[in-house]
Amino acid sequence: MSANRAHLTAYCIREAMGRRAFDLIAFDGDDTLWHNERSYRDGREQFRRLLAGAGVDLTADEVEAHVNRTELANLAFFGYGVSSFVLSLIETAIDLTGGRVSGADLRGAIALARQMLTEDIELFPSAHETLTKLAAKWPLMLITKGDLLHQTSKLERSGLRERFRYVEIVSHKTPDVYARILTDRGVAPDRFLMIGNSLRSDILPVVDAGGWALHIPAALSWSHEHADVPPGARRRYIEVAGLDRVPQAIDRLARTSPSPQAGSAAGRRRPRAGTRRS
């Protein structure tokens with residue numbers, strides 16, 4: 001073997017060993033890395049007591065149904081998050097009391113919003129350890145949905161900010177939104193992995209956009225985030241029981257995903273550096 005050919009062979013081996021199945025791995029925040037839905041459950045229960053004090057006697061399930069209808073109708077106007085939630089509570093209180101809700105009760109709803117916006121952040125088990133391990137090997141991104149100020153505050157107070165190279169706070173999670181994020185970073189969809197608890201927001205839109213996903217079902221989740229899985233989608237995501245299982249699941253999924261040679265030129269570029277959307 002000539003010296004040039006031997007050099008080329010050694011170079012190819014080093015390159016193959018250095019290739020990774022994914023160029024970018026992203027995590028959801030709410031109910032994936034930290035608790036979130038239980039705060040909304042507590043808020044609905046406080047709201048039910050507020051209604052009872054105003055003379056509206058409904059069961060928890062009935063309150064849930066009324067609030068859900070209002071929230072879903074308001075998503076197009078107010079988006080996701082605590083501010084949208086509390087505005088929907090106020091609208092529901094006005095409707096259910098026939099406009100008789102008092103200013104003191106409305107002030108109670110505002111106090112609830114402040115409480116939810118400032119409560120302590122509680123991480124799920126293994127969140128810090130898992131992100132620390134993965135950040136040493138992969139570029140990590142947080143893609144979280146909701147109010148910009150609140151999500152930024154939660155990330156800063158979580159103690160996880162330094163684990164993420166990139167942060168995207170979005171109003172909605174759709175295939176087009178994911179495609180825009182990947183285009184901005186120069187990452188091909190089949191070189192992207194998303195990890196989250198919501199089939200509707202974290203898993204199926206990424207699969208639809210051509211990416212890969214890990215689903216970590218949450219014990220508590222908003223009914224709006226549930227979704228039916230279309231035929232064929234399960235070929236591009238797997239389910240894991242918790243964050244501690246994520247590193248092994250990534251290795252398993254990496255063996256399933258296409259080889260690096262099959263990716264496009266754009267997919268083989270490293271993600272471009274960027275700043276947080278804030």
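**Salt bridges and a helix face**

Analyst: A network of salt bridges links E37, R41, R44, E64 and E71. The model is predicted: local features need pLDDT of at least 70, side-chain atom pairs count only at pLDDT 80 or more, and totals for chains, interfaces and linings use all residues. Residues are numbered from 1 along each chain as its sequence is written, and side-chain values use heavy atoms, with hydrogens and water left out.

User: How many salt bridges does a search of the whole structure find?

Analyst: Side chains of opposite charge can pair when their charged atoms come close. A salt bridge requires a side-chain nitrogen of Lys or Arg within 4 Å of a carboxyl oxygen of Asp or Glu. The search of the whole structure finds 15. One of them joins the side chains of E122 and R38 (2.1 Å, N to O). Because E122 lies in the loop between α5 and α6 (127-135) and R38 in helix α2, this pair ties together parts that are 84 residues apart in sequence.

User: Which residues of α5 are buried?

Analyst: Helices are DSSP runs (H or I, at least four residues), numbered from the N terminus. Buried means under 20% relative accessible area, exposed over 50%, and partly exposed in between (1.4 Å probe, protein chains only). In α5, D105, A109, L112, A113 and M116 are buried. They cover an arc of only 105° around the axis, so they lie on the same side of α5; the arc is that of the directions from the helix axis to the C-beta atoms. On the other side of α5, the exposed residues are G103, A104, R107, R114 and T118.

Technical notes
Helices (H or I, at least four residues) and strands (E, at least two) are DSSP runs, numbered from the N terminus.
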